[in-house]
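I open a new page for this chain. The entries below follow the order in which I looked things up.

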Amino acid sequence: MRGRLAFMADKPRLTPGPNHPITVTPSGDHIVVTAGGRVVADTRASLTLQEANYPPVPYIPLSDVDTSLLTRTDTTTWCPYKGEATYYAVTEGRDAVWEYQDPSEAVAAVRGHVAFYPDRVDSIAVTPATS
């Protein structure tokens, strides 16, 4: 583990700001994710992460995900603003879900949440919250 910590310390860490803003906000939308013909996630408690000019990404609480359908893969990626992401496969053995288990302070709210690649699941149905 010591080698891994040293490796992580060498990674660049950046703080969001005016040139690269990041916000995490609660969403009351009803989101249902299906893959392989099964419901993988069903929530009304997602968070929306908006980073710079990228499309907004819903992060779903793990408590609203059928984790028995997820298989951890060996893939990891690094974002200097968010930290290290780990991945899961749902179907086809492809990385379809990512998680920041130890996110940077700026996005700490997404701890315990996962996000899905829309093109690697059957569907991500979003029903907007009613006011």
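I began with Ser46, which counts as buried because its relative accessibility is 1% (buried means under 20% relative accessible area, exposed over 50%, partly exposed in between, with a 1.4 Å probe and protein chains only). I note that this is a predicted model, in which local features need pLDDT of at least 70, side-chain atom pairs count only at pLDDT 80 or more, and totals for chains, interfaces and linings use all residues. Residues are numbered from 1 along each chain as its sequence is written, and side-chain values use heavy atoms, with hydrogens and water left out.

I placed Ser46 in the loop between strand 3 (38-43) and strand 4 (47-51). Helices (H or I, at least four residues) and strands (E, at least two) are DSSP runs, numbered from the N terminus. I then listed what Ser46 touches, leaving aside its neighbours within four places in sequence: Thr25, Pro26, Ser27, Ile31, Tyr59, Ile60 and Pro61. Contact here means heavy atoms within 4.5 Å.

**Strand 8 and its partners**

Which strand pairs with strand 7 (residues 83-89), and in what sense? I found strand 8, antiparallel, over 4 bridges; two strands pair if DSSP finds at least two bridges between them. Strands 7 and 8 make a hairpin with 5 residues between them, and Glu92 in the turn has a positive phi of about 60 degrees.

I checked burial for strand 8 (residues 95-99): 5 of its 5 residues are buried, and the strand is mostly covered. Strand 8 also runs antiparallel to strand 9 (residues 113-116), joined to it by 3 bridges.

**The whole chain**

I counted 1 helix and 10 strands, in the order α-β-β-β-β-β-β-β-β-β-β from the N terminus. The radius of gyration is 15 Å, close to the 14 Å that the globule rule gives for 131 residues, so the chain is as compact as a globular protein of that length. The radius is taken over C-alpha atoms, and the rule is 2.2 Å times the number of residues to the power 0.38. I noted a box of roughly 40 × 35 × 25 Å for the C-alpha atoms, along the principal axes.

Of the 131 residues, 39% count as buried. Among contacts with a separation of 6 or more, I recorded 48% between residues 24 or more positions apart.
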